[in-house]
Amino acid sequence: MDDSVRSEQAIEVAGLRVARDAVVGVASLRYFSVDGTFAQTLQRVTGLAPPGVLKAVAGPAPAARDWILAWRSPTEAILLSADHKALSGLGAALSNCTDGCLVDQTGGLCVLRASGPRITDLLIRLGGWACVPALGESRRGRMADVPVLAVCMDGGETLLIVERVYCDHLLAWIRETAADLT
Amino acid sequence: MTGKRFAPPAGVWIDRSRTIGFTFNGRSYAGFEGDTLASALLANGVTLVGRSFKLHRPRGIFSCGVEEPTGLVDVGRGARRIPNVRATLLPIYEGLVAESVNCWPSLGLDLGALTNAFSGVLPAGFYYKTFKWPSWRLFEPAIRAMAGLGRGSLEHDPDRYEEVNVRADVLVIGGGIAGLSAAVRAARAGASTTLITSGRTLGGALGWRGDPAVADLAAQARDLEVNMRTSTMAFGVYDHNLVCACETLVPDGSELRSPSVLRERLWKIRARAVVAATGAFERPMVFPGNDRPGVMLAGAAEKYARAFGVACGRRVVVSANSDSAYPVASYLREQGVNVVAIVDRRPASLVGVPLPAGVRVIQGAAIAAVAGTRAVRGCKVIAVEGAQGRPEWLSCDALLSAGGHTPAVHLHSQAGGKLRWLDESAMFVPDGPAPGLTSVGACAGVFAREIVESHASETGEALARGLGAPPAPVGGAGRCLTMTHVPGVNGKQFVDLQNDVTLGDVALAARENYRSVEHLKRYTTIGMGTDQGKTSNINALVSMGEYTGRAPPEVGTTRFRPPFTPVTIGLYAGRRVGELYRPLKRLPAHAWHEARGALFENFGDWCRPVAYPRDGETLEMAAQREAATVRRNAGLFDGSPLGKLEIFGPDAARFLDLMYVGTMSTLAVGQARYGIVLNENGIIVDDGIVARMGDHRYWVNTTSAGVERTAAAFEEWLQCEYTQFQVAVTPVTSRWANVTVAGPRAWEWLLAVGFDAALAPSSMKHMSFRESMFGGVPLRILRASFSGELSYEINLPAGREVALFERLWARAAEFGADLYGIEALQIMRVEKGYIHIGIDTDGTTLPGDIGFGRGLERKAAEFVGRRSLLRPAARDPDRLQLVGLVPTDGRTLLPVGAQIAPGPPPTRTHGHVTSSYRSPELGKPVALAMLARGAHRIGERIRAYHLGTMFEAEVVPLPFLDPAGKRVHG
């Protein structure tokens, strides 16, 4: 877990920890082709191609977690990076593309980091089974009655990406649910 | 009857070493761990449990399960008082408090029982034809007060409920021998298998009969990692194999838990294949006095004996129409009960089991009367249909009823399955599998033990392998007569015990030509209530068939719908209570506004400041002051909820031309334009401002409430119609906060806090857009105005707005500026005649109705809704059109919703008032209205009517203020 995660908001029960990552930068990548100029520029800068359907990818150095790309729709991936300068640089590099664009969503989309063996127990209480991601998956679904993109990058952590206006609601729902996870 | 417990091994479900105290109707009793309230009451000799729904007749325990029609009690106290709990399902616990329902002042002396004396004037549907003079409403309160059952708590439910979503390859509903067999074989075939059962233990009827196969199958299921859940009642089968079930975590009404516990869990299980193994209910016999306490189902009496060790009577008569009566009689006799006789309605030729030794069997006979009011004292037996024998009275304290079986086909029916009538056993059984759901065991009409096991196993394996299930080998229930009642005898013969519906009521319905079973149900209330007719439906439709000359399959059954059993509202709500009732959007600067005295209200999904009242100010006073301040000097407004979209792509300009009545492709970079969004019917669904940020990039403001709707509409057009377009629609409402500075001194104020001089009104014109920086923060600034004043809508990344608010607020006094809320904004936009989508428009409003008809004339290109605007009806001059109204007395505020008409109602209206405020700037009330031919009625005096009051007003042109629009330019 990144030290920058705001611990004062963490929800912790046995086997589960959920905390808001207030540092990570978030962007929507919108593109009309997965092999055009936009995708090539993206790959050149981040080392990552647009992810396949329901896939999430990280890199170039997985341990460093420089970039995470999560599929959201056939024309959209969500990009996460704790390096805001690099995110701005990517935005600049992509700004001249006509087959795709980067829309900065930092502050608009919030990221919750959930870890622990009871993640699945939590997620099936927030929404349908279909929105629970397997390892390397990115699934968009309805949790706590709000739209959430759930991304599983390794066995121990799942990212819940939610609009800022719904974040407090989702956290409150998680807090109540976690309290009943006995 | 006095209570009695049989000696072990009877009572396999109770722990005699643990005594539990409870209270019923204020009196203390004791039972054993494992008892239900019903078994404990019967063990204590309590037969009178409650009063009936309509006639307040004494009622006792009738069954031993979910089908219980009469043994209903209110449980718990205060906030945890739960009404109409089935005593047959409620496990007792230390401190349990239960009360009878529908009786006053007491169960024994119930004044409501007087209605029984007047039952002759209270037949089925009496409220449709009696108590009409002088007025039904005169009698209605008293009748409603006397009817009904338990009383629920009016306090907030203190407990919690949750929802869990899971999936399975094979879901088995029912934990009896059939369900276990299916689950074991499905799991053995490699399917992820879940088994749920409403019982507290596995095994069903064979479980409490001590069958060793149950333990063996349960062990196999555990070894195969079948996910098994007890106390979990499947109550609904929905589309695509979604099964909903309620898991009971703590018993109803317990006060021992505090302050709040997780009470129930809603399981939503999506399965590839569903197996229903829900068993069957025993069908009661219909005879005069069959509702008396002490009359109960024979199978229930056996279950009370075997599972709870409870004797339901010492001298028992069994009224039979089924072979199942005989083993019950034998078992009870073995336990020392005096089985006085089996009174079998059938001729000897239909009996398929050996007659029990030592028990008198009277064949071809029926019960013609029951002695006793609050407890059975005896019954009269008569010969029927040609059988020989004299009427005789038998003394007994319990009368057991074994009319046959009714397979629990509810889930099969909910899944869309059809039924067929099995005449020899007088029951409806599934006619093949339902879509996605296969029935096994008794609920499939398969009653022979060995066949049940093999068929269920084969079904489990076939479904696990994705194959079709084998056909059900229906049979094994023996032969029953279709009709169980006795024609031509006196006395009330109850068909539906819970709703007090008698054979006479069914006959009356037939005489009044209610032939459909659905009409019968609604006319008589048969099959309604908490039991949903589990013990009454078959007898009802059989008797309906008899009275109308039809066989049961011709009469048919009512459609079984979810829920199978009553479900608490709390379970449906789950976590959605209090703060979690619905997701409420808060402004990023919510706390900042709160600290400055904002009064918040919910507008759509948003919690927004409506005004900032000062000491002693009402909301209206505050809004008047704020609006006047903005008009005079300047104001600061949080517009963050305003919908924001980024539209990108080589085809963005073409696409926006299609989406808006206005032409957006001609906008130069940095220009902005107002536009209206229509649906394909030409109806206005949203409006807003489109600004061009670059060659292929646009900034779109929608209404606050309409952004999701508009974004979804744009996506739908792109995905379904304009699929060749390269356009991306990205919602960014949450990303960007909005700080709006408006008023004649707005620019002075912004300049004072350090805004770039290039943003001055002289260089940045009304309806223009700039990207800028302020203190290192990127800004997107739009010169647009909903107030009619010089206005800067400053968009900046969410989280940065508080700093900007602080900087502006620190200098506000210098410019005579103040904060303003939604209410002041509403005043100002009405003064300017600006519409608010959904307030001034509705699902009929076309652009021409609000003065935007010229958009159609001026735009040559296609746009969504255009064709509909060309219809003659859309050009009808009599349509409602937006106008201004001012009261003729210059003082009276016109009520919103007031109907404009030439005379008082009932009169055809000419329109209605849509928005109305007092204008501080004009010193009089002003209103917007939609008025027929409004554009041609300027200067006309009209009348508006609201709640009996008439208002006079004059139709005036819009806007009320600054018609030249000088103010917005600064």
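User: Which residues does Leu37(B) touch, not counting residues up to four places away in sequence?

Analyst: Leu37(B) touches Phe22(B), Val73(B), Ala87(B), Leu90(B), Ile92(B), Leu96(B) and Ala98(B). Contact means heavy atoms within 4.5 Å. A word on the source: this is a predicted model, where local features need pLDDT of at least 70, side-chain atom pairs count only at pLDDT 80 or more, and totals for chains, interfaces and linings use all residues. Residues are numbered from 1 along each chain as its sequence is written, chains are lettered from A and ligands numbered from 1 in the order in which they are written, and side-chain values use heavy atoms, with hydrogens and water left out.

User: Why is Ala301(B) called buried?

Analyst: Buried means under 20% relative accessible area, exposed over 50%, partly exposed in between (1.4 Å probe, protein chains only). Ala301(B) has 2%, so the residue counts as buried.

User: Where is Ala301(B), and which residues is it in contact with, leaving aside neighbours within four places in sequence?

Analyst: Ala301(B) sits in helix α7 of chain B, residues 298-308. Helices (H or I, at least four residues) and strands (E, at least two) are DSSP runs, numbered from the N terminus. Beyond those neighbours, the contacts of Ala301(B) are Met296(B), Cys312(B), Leu332(B) and Leu400(B). Leu332(B) is 31 residues away in sequence, with a C-alpha to C-alpha distance of 8.6 Å.

User: What makes a nonpolar core, and which residues have the most contacts inside the largest one?

Analyst: A core is a set of buried Ala, Val, Leu, Ile, Met, Phe, Trp, Tyr and Cys residues, joined through side-chain atoms within 4.5 Å. The largest has 78 residues, and Leu37(B), Tyr304(B) and Leu400(B) have the most contacts inside it. Helix α7(B) gives the most to this core: seven residues. A second, separate core has 51 residues, including Val18(A) and Ala276(B).

User: How do you know that strand β31 of chain B is largely enclosed?

Analyst: Six of its six residues, 606-611, are buried, so the rest of the structure largely encloses β31(B).

User: What makes β31(B) a partner of β29(B) and β30(B)?

Analyst: Two strands pair if DSSP finds at least two bridges between them. Strand β29(B), residues 585-586, has two bridges to β31(B), in the parallel sense. There Lys585(B) stands opposite Trp606(B). Strand β30(B), residues 599-603, is joined to β31(B) by five bridges and runs antiparallel to it. Here Leu599(B) faces Ala611(B).
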